[in-house]
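Open the model in your viewer and switch to a cartoon view. Keep the selection tool at hand.

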Amino acid sequence: MNNTLITLENLQKIFLTEEVATHALSDISLTINKGEYVSISGPSGCGKSTLLSLLGLLDTASSGKYKLANQDVSNIPKRERARIRNQEIGFIFQSFNLISDLDVEENVELPLTYRSDLNKTQRKQLVKEALAKVDMAHRSKHYPAQLSGGQQQRVAVARAIAGRPSILLADEPTGNLDTKNAEAVMDLLDKLHAEGATICMVTHDPRSAERSQRKIDVLDGRVVSDKTVKRGQV
Ligand code: ADP
Ligand code: MG
């Protein structure tokens, strides 16, 4: 059985602004298997967020190949890219990115409303399951401003997992949280991983990186270290 979820081959990303060309990513090649929990670390500006945006189909590479679930997604039309992103990718941001006018339930449901393969009953069911998983079902009618940062990030995690994506991408998910709330969000990611989720997380926090099973270090747009950590049964 083919266990590979993601293959990147010689991926490059160059940002052109006025006269300046920034080589954000130079020649990235890597594979991510189903069920892996990968962390990506490296100094500010080394290309971590750019890499995550490419993985999440939020942006396209300047050159190179990206295969997701055996499909070449490097050069597909924008509409198709959006459809695959909606169905296969769950994104968690540092700043939660919840919509303040929508309550918790509506925030989690929002990305599902773009899915033509789901009807309203199915959407409601997925929202319910996701909120239960992050232990926020009791806050479903609250608005983001009524929640703590940790609770908001748990809602954002629910929004990311509700559509049952193939991979969960997280860009500094604990960057805006105090230690206690950060721990709770990391515990939640551990639980989702134990239940089978594939996770790729950008972090500059060594303690968060310790939670992952595979640590990738990026420097100047290149992978400089890629280590799989063997863990005993906990
Ligand atoms: P990190 O997340 O590791 O801090 P980024 O991926 O955000 O790094 O940025 C990598 C490099 O690409 C930086 O030099 C940054 O200034 C540049 N960059 C990122 N996004 C853009 C953009 N949209 N336009 C121009 N340059 C960009
Ligand atoms: Mg970044």
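Select Ser41 first: Ser41 stands opposite Asp217 in β9. Keep in mind that this is a predicted model.

Now colour the two strands. β3 pairs with β9 (residues 214-219) in the parallel sense, over four bridges.

Next, select Ser39. Ser39 belongs to strand β3, residues 37-41. Is Ser39 buried or exposed? Ser39 counts as buried because its relative accessibility is 1%, and the cut-off for buried is under 20%. Show what surrounds Ser39: beyond four places in sequence, Ser39 touches residues including Met201, Thr203, Ala209 and Arg214. Draw one distance here. The Ser39 side chain makes a polar contact with the side chain of Ser212, at 2.9 Å.

Six strands form an open sheet in the order β6-β7-β8-β3-β9-β10, with mixed pairing. Select β6 (89-92) and β10 (222-228) at the edges: each has a single partner strand, so one side of each has no neighbour in the sheet. From one strand to the next, the twist averages 15°. Now show α5. α5 packs on the sheet and touches β6 and β7. The direction of α5 makes about 165° with that of β6.

Finish with the nonpolar cores. The largest has 33 residues, and Val108, Leu168 and Leu189 have the most contacts inside it. Elements giving two or more residues to this core include α5 (149-161) and α6 (179-194). A second, separate core has 29 residues, among them Leu5, Ile167, Leu169 and Cys200.

Conventions: Residues numbered from 1 in each chain as written. Chains lettered and ligands numbered in written order. Predicted model: local features only at pLDDT ≥ 70, side-chain atom pairs only at ≥ 80, totals over all residues. Heavy atoms only, no water. Buried < 20%, exposed > 50% of the residue type's maximum accessible area, 1.4 Å probe, protein only. Contact = heavy atoms within 4.5 Å. Polar contact = N/O pair within 3.5 Å; in protein donor to acceptor, adjacent residues only side chain to side chain. Core = buried A, V, L, I, M, F, W, Y, C linked by side-chain atoms within 4.5 Å. Pairing = 2+ DSSP bridges. Axes fitted to C-alpha atoms, helices over the stretch in contact; angles between N-to-C directions.
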